[in-house]
Amino acid sequence: MNDENKERSHQNNQPPLMRRFVLFSITLFMIILISGSVSFILSMRQIIRNNKAGELARLLEIEKIKLETYVNREIVIALQLAESPLVQRYFSDPAGLSNLKSVVFDEIQSYRRSFASNTIFWINDADKLFYTDDDEPFALDTEKPENYWYPMTLYETEVYNFNINYNPDLNVTNLWVNAPVFGDNGEPLGMLGTGINITTFIEAIYMNYGDRADLYFFNSSGEITGARDIELVTSKRNIIDEFGDIGADVLDKARDLVTDVIITIDTPTAKAAFGRVPLLEWYMYAVIPDTIADYDTTMTWLFLVVIAAIAVICVVFNIFIVRLLEPLRKTMISLEIASQAKSDFLSNMSHEMRTPMNAIIGMTTIGKRAASPEKKDYALNKIEDASTHLLGIINDVLDMSKIEADKLELSPVDFCFDKMLQSVMSVINFRVEEKHQSLAVQEDDDVPQYIIGDDQRLAQVIMNLLSNAVKFTPEGGNIGFSASLVGEKDGVCELRMEVTDNGIGISPEQQQRLFKAFEQAESGTSRKFGGTGLGLSISKRIIELMDGHIWVESEPEHGSRFIFTIKTIRSKKEELSPQESTEHADDNLDDESVTTFYGKHILVAEDVDINREVLLALLDGSLLTIDCAVNGREALEMVAAAHDKYDLVFMDMQMPEMDGLEATRMIRALALRRENRLPIIAMTANVFKSDIEECMAAGMDEHIGKPLNLNEVYRCLRKYLIQQPPEFNRRVSDRRVNERRKGDRRRS
């Protein structure tokens with residue numbers, strides 16, 4: 001009694017294992033989430049900034065070329081007019097040659113139409129009258145400081161120069177091109193030129209780039225000469241005042257530029273670039289700020305999907321562990337054993353699940369960055385392998401969950417033992433060949449060819465035992481499988497099957513915990529060979545449901561022999577039926593007949609876009625005509641609208657508005673006027689026995705589980721869309737009967 005009180009006290013003082021595990025898994029998930037998010041954001045920030053650098057370089061280069069081309073054109077026209085003999089002659093003596101005034105003015109006005117801004121001005125040094133466009137001339141006071149450009153152009157400029165000013169009436173900034181007019185002896189006679197609207201030029205830039213980038217022009221003293229905010233120009237704002245230390249650094253580096261290179265820099269909140277405009281002796285500075293919208297990419301969404309997948313796995317894991325730990329809280333001893341088993345199991349499962357997840361995430365990144373199709377195909381193949389491995393782990397976890405809930409059930413069917421065995425061997429042979437091992441298969445003649453039982457669960461047990469044999473047997477080793485009939489009474493047969501290997505063997509101590517859930521022979525096994533430790537426990541439960549038992553005979557370094565027996569019912573079948581002959585014959589059809597269904601029209605009812613996309617991709621090249629419906633109601637309406645249009649329907653179970661079960665019942669109730677019954681195939685992630693039975697009860701003909709298997713999809717298509725001629729069926733049936741009559745079913 002004292003021991004019981006001590007045990008009860010110990011249990012009360014210990015925090016529940018379930019709570020500790022949940023906290024652990026949530027913490028682990030948060031660590032993965034935070035570390036992964038930080039790494040992703042930093043990587044994406046670098047990629048985004050690199051892209052911005054290229055975009056800024058292109059922006060500055062293009063706008064520099066456009067501006068210089070634009071200004072050069074105006075300069076050429078202005079210089080042509082300044083070199084006009086008629087203009088030079090009149091400017092030399094405007095009072096004495098007044099008879100030429102109208103002719104000269106007409107020539108000047110004709111040049112006006114050549115300038116982009118349709119603006120021209122001119123001044124002769126004799127009377128200093130300022131003429132512009134069609135406006136009345138006025139006397140220019142060249143002594144005023146604001147008219148500094150006149151003496152600078154006339155007496156200090158050899159070819160042309162520029163000056164910039166702000167027009168408050170038009171709220172624009174003009175860049176003036178000033179060309180001096182010289183006489184035959186080189187004496188200055190006057191000047192002329194045109195204005196370029198810098199404000200309009202900059203507005204055109206923003207029309208192309210929107211609000212994504214900001215562009216500034218500034219001169220060698222740092223004074224801003226062009227910007228979207230015209231106030232910066234009118235107030236002669238300095239780039240240092242506008243951008244602080246960054247502006248000062250840009251100004252210093254810009255002054256040192258001797259070539260027309262574009263330099264990109266990183267700022268705390270943006271990516272920036274600057275370069276020269278040699279023609280104007282200006283500089284350009286462009287900025288693209290960092291925003292949240294930068295991260296709205298496919299990679300971001302893929303990252304979120306992966307995080308969501310990890311979260312789902314975490315939730316499934318927690319649910320599973322809750323079910324697992326419930327019966328282990330009864331006593332202190334069982335609690336301690338369960339705690340240790342859980343610790344080992346979590347370590348193994350963390351490794352087993354994160355390994356394929358790491359491959360999926362890593363190969364996704366590699367595939368997206370790959371430039372060659374071969375590299376992308378390589379990445380996709382690795383993703384497929386890792387996904388298949390991860391699905392197997394999840395299936396083991398779900399099976400174990402059903403075992404713990406005592407809900408693992410068998411689904412007996414009438415099946416061919418030989419065919420089931422051939423399917424298992426065709427799969428395991430790939431692994432055997434990879435390790436250069438040999439596999440010998442022996443089946444006694446008295447083993448019934450047709451039995452009633454759960455062929456999928458029996459294949460799962462055999463596959464698990466053979467997989468373990470391959471795993472724990474070194475390269476070049478030998479593996480064997482044998483099946484025999486132990487006895488038969490009243491149609492109930494007891495079958496004995498053995499899997500042998502010459503691998504590492506198992507000690508007696510290790511054999512004691514071999515068939516327990518979440519345990520392997522020793523703690524280092526999973527690290528060296530992999531595995532979750534669930535396979536043998538699941539196999540043991542399946543065998544017990546088949547009224548059998550399993551045991552092991554082994555010694556260290558001398559290999560192992562796993563033996564199990566099951567009880568099953570002998571089927572009354574003796575030979576293949578015509579229908580089965582056709583099904584088996586389909587397996588030997590040539591590739592073209594298997595994968596093409598020319599002229600057939602099917603309907604896919606699936607509400608999830610990506611699931612529709614997957615199925616359409618799987619059926620690519622099959623020559624099927626495929627229509628899609630996004631819910632059961634739409635599928636019902638499409639079938640009802642054309643009762644003889646579709647040859648087959650793939651129907652999801654769970655859809656909005658009307659689910660697949662209700663849609664199937666409604667279609668069957670339509671009493672369609674057609675020669676043959678419309679095949680409806682369930683295509684759903686609901687794969688439990690109760691789900692399959694519910695589909696059949698609603699009127700569906702077949703059930704295919706998700707994730708979709710290409711062979712399973714084509715099996716259904718061949719079964720319902722391809723009709724083989726009778727003589728073909730008879731030929732295949734006769735061939736198989738002759739093969740069976742040879743009497744020797746020993747295979748290797």
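**Exercise 1. Work out how α21 and α22 pack in this predicted model.**

Solution.
- Start with the handedness. Helices α21 and α22 make a right-handed crossing.
- Next, locate them. α21 covers residues 632-641 and α22 covers residues 660-669.
- Take the geometry. The two axes come within 9 Å and cross at roughly 20°.
- Classify the angle. Angles under 35 degrees count as roughly parallel. α21 and α22 are therefore roughly parallel to each other.
- Now find the residues that touch. α21 brings Gly632, Leu636 and Val639, and α22 brings Ala663, Met666 and Ile667.
- Sort these by class. Five are nonpolar, one is polar and none is charged.

**Exercise 2. Describe the packing of α13 against α14, step by step.**

Solution.
- Helix α13 spans residues 417-434. Helix α14 spans residues 455-471.
- The axes of α13 and α14 lie 10 Å apart, at an angle of about 30°.
- Apply the cut-off again: under 35 degrees counts as roughly parallel. So α13 and α14 are roughly parallel to each other.
- The crossing of α13 and α14 is right-handed.
- On the α13 side, the contact uses Phe417, Met420, Leu421, Val424, Met425, Val427, Ile428, Arg431 and Val432. Facing them in α14 are Asp455, Leu458, Ala459, Ile462, Met463, Leu466, Ser467 and Val470.
- By class, this contact holds 14 nonpolar, one polar and two charged residues.

**Exercise 3. Find the handedness and the residues of the contact of α14 with α17.**

Solution.
- Helix α17 runs over residues 535-545. Its axis and that of α14 come within 10 Å and cross at roughly 145°.
- α14 passes α17 in a left-handed crossing.
- α14 contributes Arg457, Gln460, Val461, Asn464, Leu465 and Asn468. α17 contributes Gly535, Leu536, Ile538, Ser539, Ile542 and Ile543.
- Sorted by class, the contact of α14 with α17 has six nonpolar, five polar and one charged residues.

**Exercise 4. Characterise the second largest pocket and its lining.**

Solution.
- Begin with the space. The second largest pocket holds about 1200 Å³.
- Count the lining: 44 residues. Nearest the centre of the pocket are Tyr148, Asn163, Ile164, Asn165 and Trp176.
- Trace the elements. At least two lining residues each come from β2 (129-132), α5 (149-156), β4 (161-167), β5 (172-182), β6 (188-197), β8 (224-227) and α7 (231-234).
- Pick out the main supplier. β4 gives the largest share, six residues.
- Finish with the classes. The lining has 22 nonpolar, 16 polar and six charged residues.

Technical notes:
Residues numbered from 1 in each chain as written. Predicted model: local features only at pLDDT ≥ 70, side-chain atom pairs only at ≥ 80, totals over all residues. Heavy atoms only, no water. 1 Å grid on protein atoms, 1.4 Å probe; cavity = no way out; pocket = protein on both sides within 12 Å on 5 of 7 lines; lining within 4 Å. Points joined across faces, edges and corners; volume = space filled by probe spheres on them. Helix = DSSP H or I, 4+ residues; strand = E, 2+ residues; numbered from the N terminus. Nonpolar A, V, L, I, M, F, W, Y, C, P; charged D, E, K, R; others polar. Axes fitted to C-alpha atoms, helices over the stretch in contact; angles between N-to-C directions. Parallel < 35°, antiparallel > 145°, perpendicular 65-115°, else oblique. Left-handed = near helix turned anticlockwise from the far one by under 90°. Contact = heavy atoms within 4.5 Å.
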